[in-house]
Every structure is written in structure tokens, then in C-alpha cells.
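Colleague: I would like to learn how to read the features of a model like this one. Can we go through them in turn?

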Amino acid sequence: MPPSCIESLMLPVKTVKWVGDADGVLDLLDQRLLPQRVERLQCQTPQQVYEAIRTLAVRGAPAIGVAAAYGVCLALRNKPEETPLAEAKTLVAQTTLHLASSRPTAVNLFAALNRMKAVVQTSPPCTAQFKQRLLDEAHAINQQEQDNCQTIGRCGAPLVPDGKAVLTHCNAGALATTGIGTALAPFYIARQQHKRFTVYADETRPLLQGARLTAWELTQAGIETVVICDSMAAALMQAGRIQAVFVGADRIAANGDTANKIGTLGLSILARHYDIPFYVAAPSSTFDRSLPDGAAIPIEQRNGNEIRRFNDTLITPSQAETWNPAFDVTSAQYITAFITEHGILRPPFAESIAQTIPQQTDQHDKRESYE
Ligand code: MRU
């Protein structure tokens, strides 16, 4: 597939884009405003990137990893060449730590920051070259995630049933990555292969990533899309209207337990009940082999106002308590297969993951330093 695949698939925009040289800026599609407004957000400082990740202007596991990597580059933006190398390295190390505290669940964030931290350990001759090496590494992470999306799409396309319908949850598409997505990538490739199918998109309360984002990018790509409220998935399955479920992931433990957007667990149990295949699509940067199972995956708790308010209107009594975990953990037993850039992984997952997904040498460090 040519590098212009995003354009050829008619996906609307680039989610994460670096503009310029080592003193450039990070240009993000502001996903908080979609689908009403297509506006971009220019980040010139790591703090702006931190805020963009925290407030979900940029979101989705691979996309926040890439955005954070570029955020590290911004630590040295416009720093003069004569800045002492030691000072520049300290600043970068502090910035990686700060960006790591933006969101806790998606392991791609920590994997990307660890790669940037590794650049600090190299010995560039001067600050100018250090800046360039950081940018090269961020570009490499970006490119790798794009390539992974393509391969995941090609691996997963045969699993998309021709003439039938599938269900997805949250947004694991182009908007959540820097390529054509993970869970949505097989749909884009299957579409190029002239398969015809319908995608049901859960609206994904409370922040509506399915209704706002998945429906936006799929319809732009000419894929037939039906939005449902999250509570309708069971009836949809009972009625025999979908033949497979495709979701993304934020972190996958060594045994296959998978953290993804809140609501994924319920779907997986329903899919098992109705004997519907349940696929998780994710690049190897989403696997965390240092965790034996899902119990240790940190789950982000978000502000209760995301539940209390709908489009800025209070929909609960203001004194009502809320519980707002952003993710849940689907037990590996409910997962039919993982679609990765290394191929399709089938149970028993402890073995297929260990045999296929490279153990990152810095995996221990990932948890030690940030969590
Ligand atoms: O809170 P979000 O919108 O960042 O949650 C995103 C998801 O849960 C996605 O399914 C996951 O990150 C995979 S993205 C390819």
C-alpha cells in the first residue's frame, strides 16, 4: 500500500503531525470538537501536549504515544545551540516524567516515552544533534505505528464477514492512531477489497468516542455505519444482526487480559453468550508482558462531571455521586483472537503472546519509573 494510504482511503485528516524541523511544532486534530468542528491545535510546549492528552484533544493508545514522543522534542524547542548538553538532557528527562503522568492506562504512552528516554542515554556531540536525534526517534515511532496499522488491517481484513455486519466500541481508528487505525483498519482494507458490510458503532458513553469519532471517520470513508446506544448491543446480538466484534486495546497483559474503553468487558461477555467472535486489534506497543494478568493494569478514573453533564447540560442532580472509570479489563477467556502486526494470535494467549510479541528490554523500567 502506498504511503498516501490515508488519502486514498479518503480518511479526512491526519491526527498527529509534526510541522517543521527540530524547532518545529506539534499539530493535532482537536478531537474534543468533532464532529461539529474540524479544528487543529498547535502545541509549542510539552505542557500544551500534556493538556491535550489529559483532556482528550488527542486520544487513543497509539496516538497519545506518538504525541508524547513529539511533546518531548518540544522541551528543547528554540533552545540555543550553545545550551549545555547536560542541561538539555535534564530538561528532556524531566519532560518525559511529566508527560508520563498525563494518562495511566495506555501502555503505548510509556513505551514511546521510554524510547525517547533511551535517546538521553546516547552520547550526541552537542545539543543541536541531541535535538535532531530526539526528533528522528519521534518520527520513527510515528512511522512504526502507521506501518503497524497497515499490517493489522491486512491481517484482520479476512475476518470481516462479507455481506454481513460487525460491531465496534469507542474509537480505534485513524483518529486513535497515526495510521488507518487498529480495530477499524481491517474495515478499511476489507472495503478496498470490495467487501460490503455494515459497522455498528456503540456511542460509547460518557464521552461518545463511538458516536462522534468512529461514525465520523467511517462515514467519511464511505463505510455504512449505524450508531447505537451502548445499551442496545445485547438486543443487536440477540437479533442476530452482527457476526463479529472488533475492538482496540490500551494495554494487554502477558496472559491476554485486555484493558480497553469502559464497556468493552460487557460486550465481550455478551459476544461469548451469543457465540459471536470477539477480536482485539492492537500493535505490539500495546502489549505489556511485564504484567502477568489484567489485575495490575492501572485504570484511569475520570471526573464525574463527564457523567453528570451532557453537552454542558446537567443531567443528574448536582449532588449525585458518580463512578467514572475510563477503561475496563476484558478477561482473556472472552477474546477469540488478537490481530497484531505480527499476525493473528489465538489461545492459549500466554503462549502465543510470549512467542510472538517481542519482550521490550525496558519493560520493567516502564513500570518502575512511571507508575
Ligand atoms: O479514552 P480514549 O478515547 O483514549 O480511549 C481509547 C480506547 O479505548 C481505544 O479503544 C484504544 O485506545 C485503542 S486505540 C487504537
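Modeller: Start with one pair of residues. Val-166 has Ala-244, in strand 7, as its bridge partner. Helices (H or I, at least four residues) and strands (E, at least two) are DSSP runs, numbered from the N terminus. This is a predicted model, in which local features need pLDDT of at least 70 and side-chain atom pairs count only at pLDDT 80 or more, while totals for chains, interfaces and linings use all residues. Residues are numbered from 1 along each chain as its sequence is written, and side-chain values use heavy atoms, with hydrogens and water left out.

Colleague: How many bridges join strand 4 to strand 7, and in which sense do the two run?

Modeller: In general, strands of a sheet pair through backbone hydrogen bonds, either parallel or antiparallel. Here, strand 4 (residues 165-168) and strand 7 run parallel and are joined by three bridges. Two strands count as paired if DSSP finds at least two bridges between them. Strand 7 also pairs with strand 10 (residues 278-281), again over three bridges in the parallel sense. There, Val-245 stands opposite Phe-278.

Colleague: What is the order of the strands in the open sheet of seven?

Modeller: The order is 6-5-4-7-10-15-16, and the pairing is mixed. Strand 6 (224-228) and strand 16 (343-345) are at the edges with a single partner strand each, so one side of each has no neighbour in the sheet. On average, neighbouring strands are turned by 25 degrees against each other, direction ignored. Further along, strand 10 pairs with strand 15 (residues 337-340) in the parallel sense over three bridges. Ala-281 has Ile-339 of strand 15 as its bridge partner.

Colleague: Which residues of strand 7 are buried, and on which side?

Modeller: Buried means under 20% relative accessible area, exposed over 50%, and partly exposed in between (1.4 Å probe, protein chains only). Strand 7 (residues 244-247) is covered on both faces. Ala-244 and Phe-246 are buried on one side, Val-245 and Val-247 on the other.

Colleague: Which strands form the open sheet of four, and in what order?

Modeller: Its order is 11-8-9-14, with mixed pairing. Strand 11 (287-288) and strand 14 (327-330) are the edge strands, each pairing on one side only. Strand 8 (residues 251-253) and strand 9 (residues 258-261) run antiparallel and are joined by two bridges. Arg-251 stands opposite Ala-259 in strand 9.

Colleague: Now helix packing. At what angle do helix 3 and helix 4 cross?

Modeller: Two packed helices are described by the angle between their axes and the distance between the axes. The axes of helix 3 (residues 61-74) and helix 4 (residues 85-100) cross at roughly 150 degrees and come within 9 Å. Axes are lines fitted to C-alpha atoms, for helices over the stretch in contact, and angles run from 0 to 180 degrees between N-to-C directions.

Colleague: Which residues meet there?

Modeller: From helix 3, Ala-68, Gly-71 and Val-72; from helix 4, Val-92, Thr-95, Thr-96 and Leu-99. Contact means heavy atoms within 4.5 Å. Four of the contact residues are nonpolar, three polar and none charged. In that scheme, Ala, Val, Leu, Ile, Met, Phe, Trp, Tyr, Cys and Pro count as nonpolar, Asp, Glu, Lys and Arg as charged, and the others, Gly among them, as polar.

Colleague: Is Asn-142 buried or exposed?

Modeller: Asn-142 is buried, at a relative accessible area of 9%. This residue is found in helix 6 (residues 127-156). Not counting residues up to four places away in sequence, Asn-142 touches Val-16, Val-66, Tyr-70 and Thr-178.
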